[in-house]
Amino acid sequence: SGGTVFFTAHSGPCEESGVKGAGPKVSELYARIDGTTTVALSEPSLSVPGRQCTGECLEAQKEESGFERHEGDFVGTSEDGSKVFFTTEQPLVNEDEGTNTDLYMEEIEGAAIKRLVQVSRDPHAGQAAEVQGVARVSEDGSHVYFVAKGVLTQGANREGREPVAGSDNLYVYDSVSGATIFVGTLLVSEAEATKIEEEALNEAIEALGQCGGAATCAHNVIINYSSAVQCIRGTWSLADQRPVQATPNGRFLVFCSWERLTTGDESKVPQLFEYDAELEKLVRVSVGHDGHNHDGNVMGIMNAPRIPEPNYANAELPTTTGSSLAVSNDGSRVFFESLDSLTSQAVAGATNVYEYREGNVYLISDGQDARSTSNGPAVKLVGTDGSGRDVFFSTGDQLVPQDTDTLLNIYDAREEGGFPAPVSAASCSGDTCQGLLGALPLL
(Lines give C-alpha, C1' and ligand atoms only; values in the text may rest on other atoms or scores of the structure.)
Protein backbone atom coordinates (compact mmCIF):
# COMPACT_ATOMS: atom_id res chain seq x y z
CA SER A 1 0.00 0.00 0.00
CA GLY A 2 2.99 2.32 0.36
CA GLY A 3 1.99 3.08 3.94
CA THR A 4 5.42 2.09 5.27
CA VAL A 5 8.69 3.15 3.69
CA PHE A 6 11.97 1.57 4.79
CA PHE A 7 15.07 3.68 4.21
CA THR A 8 18.70 4.01 5.25
CA ALA A 9 20.16 7.25 6.58
CA HIS A 10 23.79 7.17 5.52
CA SER A 11 26.53 8.23 7.86
CA GLY A 12 27.73 11.86 7.87
CA PRO A 13 29.17 14.35 7.67
CA CYS A 14 26.35 16.05 5.79
CA GLU A 15 28.30 18.95 4.29
CA GLU A 16 25.26 20.52 2.65
CA SER A 17 23.53 20.93 6.01
CA GLY A 18 26.08 23.51 7.10
CA VAL A 19 26.34 21.79 10.47
CA LYS A 20 29.70 20.23 11.29
CA GLY A 21 29.39 16.56 12.08
CA ALA A 22 25.69 16.38 11.22
CA GLY A 23 24.23 13.00 10.31
CA PRO A 24 24.44 9.59 11.99
CA LYS A 25 27.86 8.18 12.85
CA VAL A 26 27.01 4.97 10.99
CA SER A 27 24.34 4.16 8.44
CA GLU A 28 21.09 3.38 10.24
CA LEU A 29 17.84 1.78 9.10
CA TYR A 30 14.50 3.51 9.69
CA ALA A 31 10.82 3.10 8.85
CA ARG A 32 8.52 5.98 7.94
CA ILE A 33 4.97 4.97 8.80
CA ASP A 34 1.90 6.65 7.28
CA GLY A 35 3.96 9.72 6.52
CA THR A 36 3.82 10.84 10.16
CA THR A 37 6.12 8.71 12.32
CA THR A 38 9.77 7.70 11.94
CA VAL A 39 10.87 4.56 13.80
CA ALA A 40 14.52 3.62 14.44
CA LEU A 41 14.99 -0.03 13.43
CA SER A 42 18.69 -0.88 13.50
CA GLU A 43 19.15 1.13 16.73
CA PRO A 44 15.90 0.30 18.55
CA SER A 45 14.94 1.64 21.95
CA LEU A 46 15.93 -0.48 24.95
CA SER A 47 12.24 -0.60 25.86
CA VAL A 48 11.33 -2.59 22.73
CA PRO A 49 9.91 -6.04 23.67
CA GLY A 50 12.52 -8.73 23.12
CA ARG A 51 15.46 -6.31 23.37
CA GLN A 52 16.67 -7.81 26.69
CA CYS A 53 19.91 -5.89 26.63
CA THR A 54 21.58 -5.87 30.06
CA GLY A 55 25.08 -6.31 31.38
CA GLU A 56 27.75 -6.47 28.66
CA CYS A 57 25.21 -5.77 25.91
CA LEU A 58 24.02 -2.64 27.71
CA GLU A 59 27.56 -1.41 28.28
CA ALA A 60 28.24 -1.84 24.57
CA GLN A 61 25.58 0.77 23.79
CA LYS A 62 27.59 3.51 25.54
CA GLU A 63 29.69 5.37 23.02
CA GLU A 64 31.61 7.13 25.81
CA SER A 65 33.05 3.72 26.72
CA GLY A 66 34.78 3.59 23.37
CA PHE A 67 32.20 1.35 21.67
CA GLU A 68 31.96 1.79 17.94
CA ARG A 69 28.43 1.46 16.63
CA HIS A 70 27.78 -0.68 13.54
CA GLU A 71 25.46 0.01 10.64
CA GLY A 72 22.25 -1.83 9.91
CA ASP A 73 21.69 -3.31 6.44
CA PHE A 74 18.13 -3.78 5.16
CA VAL A 75 17.65 -7.26 3.65
CA GLY A 76 13.89 -7.58 3.22
CA THR A 77 10.36 -7.02 4.47
CA SER A 78 6.97 -8.62 4.26
CA GLU A 79 4.65 -7.20 1.62
CA ASP A 80 2.40 -5.58 4.25
CA GLY A 81 5.35 -4.01 6.08
CA SER A 82 4.59 -5.75 9.37
CA LYS A 83 7.94 -7.58 9.46
CA VAL A 84 11.34 -6.22 8.53
CA PHE A 85 14.68 -8.06 8.43
CA PHE A 86 18.15 -6.51 8.72
CA THR A 87 21.73 -7.50 9.51
CA THR A 88 24.15 -5.77 11.83
CA GLU A 89 27.41 -6.43 13.66
CA GLN A 90 26.15 -4.55 16.70
CA PRO A 91 24.86 -6.81 19.51
CA LEU A 92 21.25 -5.84 20.23
CA VAL A 93 20.37 -8.60 22.72
CA ASN A 94 22.26 -10.47 25.43
CA GLU A 95 22.33 -13.71 23.38
CA ASP A 96 24.23 -11.95 20.58
CA GLU A 97 27.86 -12.64 21.48
CA GLY A 98 30.70 -10.80 19.73
CA THR A 99 30.57 -8.40 16.80
CA ASN A 100 30.05 -10.83 13.94
CA THR A 101 27.14 -10.20 11.59
CA ASP A 102 23.72 -11.32 12.82
CA LEU A 103 20.25 -11.33 11.32
CA TYR A 104 17.37 -9.66 13.17
CA MET A 105 13.62 -9.40 12.64
CA GLU A 106 11.33 -6.70 13.95
CA GLU A 107 7.55 -6.84 13.97
CA ILE A 108 5.84 -3.49 13.48
CA GLU A 109 2.36 -2.76 14.77
CA GLY A 110 0.76 0.64 14.39
CA ALA A 111 3.65 3.09 14.54
CA ALA A 112 5.92 1.16 16.91
CA ILE A 113 8.12 -1.93 17.10
CA LYS A 114 6.08 -4.75 18.58
CA ARG A 115 8.94 -7.23 18.97
CA LEU A 116 12.66 -7.69 18.25
CA VAL A 117 13.99 -11.17 17.47
CA GLN A 118 17.55 -12.35 16.89
CA VAL A 119 16.96 -14.74 13.98
CA SER A 120 20.53 -16.04 13.75
CA ARG A 121 20.91 -17.13 17.36
CA ASP A 122 23.66 -19.69 17.90
CA PRO A 123 22.62 -22.12 20.65
CA HIS A 124 26.23 -23.06 21.35
CA ALA A 125 27.91 -20.90 23.99
CA GLY A 126 30.86 -18.85 22.82
CA GLN A 127 30.09 -19.30 19.12
CA ALA A 128 28.91 -16.70 16.60
CA ALA A 129 26.43 -17.04 13.75
CA GLU A 130 28.58 -15.23 11.15
CA VAL A 131 25.69 -14.47 8.81
CA GLN A 132 26.85 -14.13 5.19
CA GLY A 133 23.63 -12.84 3.68
CA VAL A 134 19.96 -13.47 2.95
CA ALA A 135 18.74 -15.60 0.04
CA ARG A 136 15.04 -14.63 0.09
CA VAL A 137 12.31 -13.26 2.35
CA SER A 138 8.83 -14.61 1.60
CA GLU A 139 6.19 -12.08 0.61
CA ASP A 140 4.20 -12.71 3.79
CA GLY A 141 7.33 -12.53 5.97
CA SER A 142 6.71 -15.98 7.42
CA HIS A 143 10.02 -17.40 6.18
CA VAL A 144 13.48 -15.97 5.67
CA TYR A 145 16.23 -18.07 4.05
CA PHE A 146 19.77 -17.04 4.98
CA VAL A 147 23.35 -18.29 4.93
CA ALA A 148 25.61 -18.44 8.00
CA LYS A 149 28.92 -20.06 8.84
CA GLY A 150 27.83 -20.86 12.37
CA VAL A 151 26.07 -24.03 13.55
CA LEU A 152 22.63 -22.69 14.45
CA THR A 153 20.78 -25.99 14.91
CA GLN A 154 21.33 -29.01 17.10
CA GLY A 155 21.42 -32.47 15.60
CA ALA A 156 20.64 -33.58 12.06
CA ASN A 157 17.69 -32.45 9.95
CA ARG A 158 15.06 -34.86 8.59
CA GLU A 159 17.41 -35.82 5.76
CA GLY A 160 20.16 -36.76 8.20
CA ARG A 161 22.39 -33.77 7.45
CA GLU A 162 24.04 -31.34 9.85
CA PRO A 163 25.58 -27.90 9.24
CA VAL A 164 29.35 -27.66 8.97
CA ALA A 165 31.07 -25.07 11.17
CA GLY A 166 32.86 -22.43 9.08
CA SER A 167 31.00 -23.38 5.89
CA ASP A 168 28.23 -21.58 4.02
CA ASN A 169 25.18 -23.22 5.56
CA LEU A 170 21.68 -22.44 4.28
CA TYR A 171 18.97 -22.06 6.94
CA VAL A 172 15.29 -21.13 7.00
CA TYR A 173 13.68 -19.27 9.91
CA ASP A 174 9.95 -19.63 10.50
CA SER A 175 8.75 -16.36 12.04
CA VAL A 176 5.47 -17.96 13.15
CA SER A 177 6.92 -20.90 15.09
CA GLY A 178 10.28 -19.29 15.80
CA ALA A 179 12.10 -22.42 14.57
CA THR A 180 15.34 -22.41 12.58
CA ILE A 181 15.93 -25.37 10.25
CA PHE A 182 19.10 -26.40 8.43
CA VAL A 183 18.58 -26.82 4.66
CA GLY A 184 22.03 -27.72 3.34
CA THR A 185 25.68 -26.68 3.05
CA LEU A 186 26.24 -24.68 -0.14
CA LEU A 187 30.03 -24.30 0.04
CA VAL A 188 32.38 -26.11 2.37
CA SER A 189 35.22 -23.58 2.33
CA GLU A 190 36.58 -20.42 0.72
CA ALA A 191 39.38 -22.51 -0.78
CA GLU A 192 36.78 -24.64 -2.53
CA ALA A 193 34.98 -21.54 -3.80
CA THR A 194 38.23 -20.15 -5.21
CA LYS A 195 39.01 -23.46 -6.89
CA ILE A 196 35.55 -23.57 -8.48
CA GLU A 197 35.91 -20.01 -9.78
CA GLU A 198 39.32 -20.79 -11.30
CA GLU A 199 38.08 -23.96 -13.01
CA ALA A 200 35.01 -22.16 -14.35
CA LEU A 201 37.16 -19.35 -15.72
CA ASN A 202 39.55 -21.76 -17.44
CA GLU A 203 36.64 -23.62 -18.99
CA ALA A 204 35.12 -20.34 -20.21
CA ILE A 205 38.44 -19.25 -21.75
CA GLU A 206 38.72 -22.59 -23.55
CA ALA A 207 35.13 -22.25 -24.82
CA LEU A 208 35.85 -18.72 -26.06
CA GLY A 209 38.82 -20.05 -28.03
CA GLN A 210 36.53 -22.53 -29.76
CA CYS A 211 34.17 -19.75 -30.85
CA GLY A 212 36.60 -18.67 -33.57
CA GLY A 213 35.83 -14.98 -33.10
CA ALA A 214 32.06 -15.36 -33.50
CA ALA A 215 30.47 -12.64 -31.38
CA THR A 216 27.25 -14.54 -30.69
CA CYS A 217 29.13 -17.63 -29.53
CA ALA A 218 31.35 -15.54 -27.25
CA HIS A 219 28.31 -13.81 -25.79
CA ASN A 220 26.71 -17.15 -24.96
CA VAL A 221 29.88 -18.32 -23.22
CA ILE A 222 29.95 -15.18 -21.08
CA ILE A 223 26.27 -15.63 -20.14
CA ASN A 224 26.82 -19.23 -19.04
CA TYR A 225 30.02 -18.40 -17.18
CA SER A 226 28.43 -15.46 -15.35
CA SER A 227 25.42 -17.57 -14.39
CA ALA A 228 27.60 -20.35 -13.02
CA VAL A 229 29.84 -18.00 -11.02
CA GLN A 230 26.80 -16.11 -9.68
CA CYS A 231 25.68 -19.38 -8.11
CA ILE A 232 28.81 -19.55 -5.93
CA ARG A 233 28.05 -16.59 -3.64
CA GLY A 234 25.27 -14.77 -5.47
CA THR A 235 22.61 -16.84 -3.73
CA TRP A 236 23.03 -14.66 -0.65
CA SER A 237 24.37 -11.42 -2.14
CA LEU A 238 23.18 -7.99 -0.97
CA ALA A 239 21.93 -7.28 -4.49
CA ASP A 240 18.35 -8.36 -5.09
CA GLN A 241 19.29 -10.06 -8.36
CA ARG A 242 19.97 -13.60 -7.12
CA PRO A 243 19.59 -17.07 -8.70
CA VAL A 244 17.03 -18.06 -6.06
CA GLN A 245 13.24 -17.77 -5.81
CA ALA A 246 10.70 -18.41 -3.05
CA THR A 247 6.96 -18.96 -3.15
CA PRO A 248 4.81 -16.17 -1.63
CA ASN A 249 4.27 -18.12 1.60
CA GLY A 250 7.93 -19.15 1.76
CA ARG A 251 7.24 -22.85 1.99
CA PHE A 252 9.25 -23.61 -1.15
CA LEU A 253 12.66 -22.28 -2.19
CA VAL A 254 14.31 -22.88 -5.58
CA PHE A 255 18.06 -22.27 -5.69
CA CYS A 256 21.29 -23.40 -7.30
CA SER A 257 24.28 -24.97 -5.61
CA TRP A 258 27.65 -26.40 -6.57
CA GLU A 259 27.52 -28.84 -3.65
CA ARG A 260 25.98 -32.26 -4.24
CA LEU A 261 23.03 -31.96 -1.91
CA THR A 262 20.96 -34.99 -2.95
CA THR A 263 21.45 -38.63 -3.83
CA GLY A 264 22.24 -39.17 -7.50
CA ASP A 265 23.86 -35.77 -8.01
CA GLU A 266 27.23 -36.45 -9.62
CA SER A 267 27.45 -33.28 -11.67
CA LYS A 268 30.50 -31.01 -11.77
CA VAL A 269 28.45 -27.87 -12.39
CA PRO A 270 25.79 -26.11 -10.29
CA GLN A 271 22.44 -27.86 -10.13
CA LEU A 272 18.95 -26.59 -9.28
CA PHE A 273 17.20 -27.69 -6.10
CA GLU A 274 13.80 -27.15 -4.48
CA TYR A 275 13.33 -27.17 -0.72
CA ASP A 276 10.02 -27.80 1.06
CA ALA A 277 10.13 -26.12 4.48
CA GLU A 278 6.98 -27.87 5.69
CA LEU A 279 8.19 -31.38 4.94
CA GLU A 280 11.87 -30.41 5.37
CA LYS A 281 12.57 -32.14 2.07
CA LEU A 282 15.18 -31.28 -0.56
CA VAL A 283 15.01 -32.49 -4.18
CA ARG A 284 17.12 -31.89 -7.27
CA VAL A 285 15.09 -30.23 -10.00
CA SER A 286 17.50 -30.37 -12.96
CA VAL A 287 17.25 -34.11 -13.61
CA GLY A 288 16.59 -36.11 -16.77
CA HIS A 289 13.17 -37.46 -17.65
CA ASP A 290 13.17 -40.99 -16.19
CA GLY A 291 16.95 -40.58 -15.79
CA HIS A 292 17.50 -39.65 -19.46
CA ASN A 293 21.03 -38.65 -20.56
CA HIS A 294 22.90 -39.39 -17.32
CA ASP A 295 20.01 -37.90 -15.32
CA GLY A 296 21.16 -34.32 -15.88
CA ASN A 297 24.66 -34.92 -14.48
CA VAL A 298 26.74 -32.69 -16.75
CA MET A 299 30.43 -31.93 -16.66
CA GLY A 300 30.79 -28.47 -18.27
CA ILE A 301 29.44 -25.08 -17.16
CA MET A 302 28.03 -24.42 -20.65
CA ASN A 303 25.34 -27.04 -19.87
CA ALA A 304 24.56 -25.80 -16.36
CA PRO A 305 20.82 -25.25 -15.76
CA ARG A 306 19.52 -21.86 -14.61
CA ILE A 307 16.41 -19.95 -13.60
CA PRO A 308 15.63 -16.28 -14.32
CA GLU A 309 16.93 -13.74 -11.83
CA PRO A 310 14.43 -10.93 -11.13
CA ASN A 311 16.25 -7.62 -11.46
CA TYR A 312 14.16 -4.94 -9.77
CA ALA A 313 17.07 -2.47 -9.73
CA ASN A 314 17.51 -2.11 -13.49
CA ALA A 315 15.03 -4.11 -15.54
CA GLU A 316 11.74 -4.45 -13.69
CA LEU A 317 9.43 -2.47 -11.44
CA PRO A 318 9.23 -3.39 -7.74
CA THR A 319 5.49 -3.91 -8.21
CA THR A 320 5.97 -6.59 -10.87
CA THR A 321 6.39 -9.42 -8.39
CA GLY A 322 5.23 -11.88 -11.04
CA SER A 323 8.05 -11.06 -13.45
CA SER A 324 10.54 -13.81 -14.25
CA LEU A 325 8.80 -16.35 -12.04
CA ALA A 326 10.32 -19.83 -12.20
CA VAL A 327 8.11 -21.58 -9.62
CA SER A 328 4.35 -21.78 -9.19
CA ASN A 329 2.83 -20.33 -6.04
CA ASP A 330 2.14 -23.78 -4.62
CA GLY A 331 5.67 -24.99 -5.41
CA SER A 332 4.40 -27.97 -7.44
CA ARG A 333 6.04 -26.81 -10.68
CA VAL A 334 9.50 -25.42 -11.36
CA PHE A 335 10.60 -24.11 -14.76
CA PHE A 336 14.21 -23.68 -15.90
CA GLU A 337 16.55 -23.47 -18.89
CA SER A 338 19.24 -25.96 -19.80
CA LEU A 339 21.48 -26.72 -22.76
CA ASP A 340 21.59 -30.32 -21.61
CA SER A 341 19.21 -32.76 -23.31
CA LEU A 342 16.99 -33.82 -20.44
CA THR A 343 14.33 -35.54 -22.56
CA SER A 344 14.53 -37.73 -25.66
CA GLN A 345 12.83 -35.03 -27.80
CA ALA A 346 15.57 -32.43 -27.14
CA VAL A 347 18.42 -32.39 -29.67
CA ALA A 348 22.02 -31.87 -28.60
CA GLY A 349 23.22 -28.26 -28.65
CA ALA A 350 19.77 -26.69 -28.22
CA THR A 351 18.85 -24.66 -25.16
CA ASN A 352 15.40 -25.61 -23.94
CA VAL A 353 12.81 -24.75 -21.31
CA TYR A 354 11.85 -27.60 -18.99
CA GLU A 355 9.23 -28.18 -16.31
CA TYR A 356 9.92 -30.14 -13.12
CA ARG A 357 6.82 -31.69 -11.57
CA GLU A 358 6.31 -34.57 -9.14
CA GLY A 359 9.84 -35.90 -9.49
CA ASN A 360 10.15 -35.76 -13.26
CA VAL A 361 11.11 -33.32 -16.01
CA TYR A 362 9.10 -32.45 -19.14
CA LEU A 363 9.97 -30.48 -22.26
CA ILE A 364 8.18 -27.12 -22.70
CA SER A 365 9.93 -25.70 -25.80
CA ASP A 366 10.12 -27.76 -28.99
CA GLY A 367 13.60 -29.13 -28.29
CA GLN A 368 14.92 -28.24 -31.75
CA ASP A 369 15.91 -24.54 -31.70
CA ALA A 370 19.71 -24.35 -31.34
CA ARG A 371 20.04 -20.82 -32.69
CA SER A 372 21.58 -17.91 -30.83
CA THR A 373 21.11 -14.16 -30.89
CA SER A 374 23.16 -11.22 -29.67
CA ASN A 375 21.35 -11.59 -26.33
CA GLY A 376 22.07 -15.28 -25.90
CA PRO A 377 20.19 -18.44 -26.92
CA ALA A 378 17.02 -17.96 -28.97
CA VAL A 379 15.12 -20.10 -26.47
CA LYS A 380 14.68 -18.35 -23.13
CA LEU A 381 12.34 -18.79 -20.19
CA VAL A 382 10.44 -15.53 -19.78
CA GLY A 383 8.49 -16.74 -16.75
CA THR A 384 5.29 -18.33 -15.54
CA ASP A 385 2.17 -17.12 -13.80
CA GLY A 386 1.39 -17.99 -10.19
CA SER A 387 -0.64 -21.05 -11.17
CA GLY A 388 2.12 -22.54 -13.30
CA ARG A 389 -0.46 -23.29 -16.01
CA ASP A 390 0.92 -20.64 -18.39
CA VAL A 391 4.65 -20.70 -19.22
CA PHE A 392 6.12 -18.01 -21.47
CA PHE A 393 9.27 -18.53 -23.53
CA SER A 394 10.95 -17.18 -26.65
CA THR A 395 12.02 -19.12 -29.74
CA GLY A 396 12.68 -18.57 -33.42
CA ASP A 397 10.96 -21.82 -34.44
CA GLN A 398 7.49 -21.72 -35.97
CA LEU A 399 5.33 -23.58 -33.48
CA VAL A 400 1.86 -22.50 -34.65
CA PRO A 401 0.41 -21.82 -38.13
CA GLN A 402 0.07 -18.09 -37.37
CA ASP A 403 3.87 -17.79 -37.08
CA THR A 404 5.06 -17.28 -40.66
CA ASP A 405 8.62 -16.04 -40.06
CA THR A 406 11.80 -17.18 -38.35
CA LEU A 407 12.15 -14.14 -36.10
CA LEU A 408 12.03 -14.45 -32.32
CA ASN A 409 8.54 -14.73 -30.88
CA ILE A 410 7.13 -15.26 -27.41
CA TYR A 411 4.89 -18.27 -26.90
CA ASP A 412 2.58 -19.29 -24.07
CA ALA A 413 2.69 -23.01 -23.30
CA ARG A 414 -0.79 -23.22 -21.81
CA GLU A 415 -2.07 -26.22 -19.91
CA GLU A 416 -5.11 -27.80 -21.59
CA GLY A 417 -4.44 -25.88 -24.79
CA GLY A 418 -4.52 -22.32 -26.02
CA PHE A 419 -6.52 -20.57 -28.72
CA PRO A 420 -7.67 -22.44 -31.85
CA ALA A 421 -5.68 -21.77 -35.00
CA PRO A 422 -7.45 -19.84 -37.79
CA VAL A 423 -9.27 -22.01 -40.29
CA SER A 424 -7.26 -22.27 -43.51
CA ALA A 425 -8.87 -22.35 -46.98
CA ALA A 426 -9.56 -25.83 -48.32
CA SER A 427 -7.14 -27.03 -50.95
CA CYS A 428 -8.19 -28.26 -54.42
CA SER A 429 -6.98 -30.96 -56.77
CA GLY A 430 -7.50 -31.88 -60.43
CA ASP A 431 -10.47 -30.37 -62.32
CA THR A 432 -11.84 -28.82 -59.12
CA CYS A 433 -9.08 -26.20 -59.31
CA GLN A 434 -10.64 -24.73 -62.55
CA GLY A 435 -13.51 -23.16 -60.66
CA LEU A 436 -17.24 -23.33 -61.37
CA LEU A 437 -18.64 -23.34 -64.92
CA GLY A 438 -20.00 -20.03 -66.15
CA ALA A 439 -23.18 -19.47 -68.24
CA LEU A 440 -23.38 -21.29 -71.61
CA PRO A 441 -22.39 -19.12 -74.58
CA LEU A 442 -25.15 -17.87 -76.92
CA LEU A 443 -25.09 -19.18 -80.52
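My entries follow, from the whole chain down to single residues.

**Ground rules**

I am working from a predicted model, where local features need pLDDT of at least 70 and side-chain atom pairs count only at pLDDT 80 or more, while totals for chains, interfaces and linings use all residues. Residues are numbered from 1 along each chain as its sequence is written, and side-chain values use heavy atoms, with hydrogens and water left out.

**Entry 1: the whole chain**

I looked up the secondary structure and found four helices and 23 strands in the protein chain. Helices (H or I, at least four residues) and strands (E, at least two) are DSSP runs, numbered from the N terminus. Next I checked burial: 46% of the 443 residues in the protein chain are buried. Here buried means under 20% relative accessible area, exposed over 50%, and partly exposed in between, with a 1.4 Å probe and protein chains only. I also looked at contacts (heavy atoms within 4.5 Å). Of the contacts in the protein chain with a separation of 6 or more, 49% are between residues 24 or more positions apart.

**Entry 2: helix α2**

I picked out α2, which runs over residues 190-209 and has 20 residues. From its first C-alpha to its last it reaches 29 Å, close to the 28 Å expected at 1.5 Å a residue; the expected span is 1.5 Å times one less than the number of residues.

Which residues of α2 are buried? I found Ala193, Ile196, Ala200, Ala204 and Ala207. They sit on the same side of α2 because they cover an arc of only 65° around the axis, the arc being that of the directions from the helix axis to the C-beta atoms. A reminder to myself: an α-helix has 3.6 residues a turn, so residues three or four places apart point the same way.

The face turned away from the buried side carries exposed residues, among them Lys195, Asn202 and Glu206. Among what covers the buried residues of α2, I noted β11 (180-187) and α3.

**Entry 3: nonpolar cores**

I then searched for nonpolar cores, meaning sets of buried Ala, Val, Leu, Ile, Met, Phe, Trp, Tyr and Cys residues joined through side-chain atoms within 4.5 Å. The largest has 50 residues, and Tyr145, Leu170, Phe255, Tyr275, Phe336 and Tyr356 touch the most other members. With five residues, α2 gives the most to this core. A second, separate core of 17 residues includes Val131, Val137, Leu152 and Tyr173.

I followed up on Phe255: leaving aside its neighbours within four places in sequence, its contacts include Leu170, Val183, Leu261, Phe273 and Tyr275.

**Entry 4: disulfides**

How many disulfides does a search of the whole structure find? I got two, counting a pair of cysteine sulfur atoms within 2.5 Å as a disulfide.

One is formed by Cys211 and Cys217, with sulfur atoms 1.9 Å apart. The torsion about their S-S bond is about -65°, so this disulfide is left-handed. Cys211 is buried at 10% relative accessibility, whereas Cys217 is partly exposed at 30%.

The other joins Cys231 to Cys256, S to S 2.2 Å. The torsion about the S-S bond of Cys231 and Cys256 is about 135°, so that disulfide is right-handed. This pair links distant parts of the chain, 25 residues apart: Cys231 is in helix α3 (residues 215-233) and Cys256 in strand β13 (residues 252-257). Cys231 is buried with a relative accessible area of 4%, and Cys256 is buried at 6%.

I looked up Gln118 in strand β7 (residues 112-118). Gln118 is buried at 11% relative accessible area. Its side chain makes a polar contact with the side chain of Asp102 at 3.2 Å. A polar contact is a pair of N or O atoms within 3.5 Å; within protein, one must be able to donate a hydrogen and the other to accept it, and residues adjacent in sequence count only if both atoms are side-chain atoms.

Arg306 came next, in the loop between α4 (292-295) and β16 (333-338). Is Arg306 buried or exposed? At 15% relative accessibility, Arg306 is buried. The side chain of Arg306 makes a polar contact with the side chain of Asn224 at 3.0 Å.

Leu238 is exposed, at 67% relative accessibility. Leu238 and Val134 are 104 residues apart in sequence, yet 7.5 Å apart in space, C-alpha to C-alpha.
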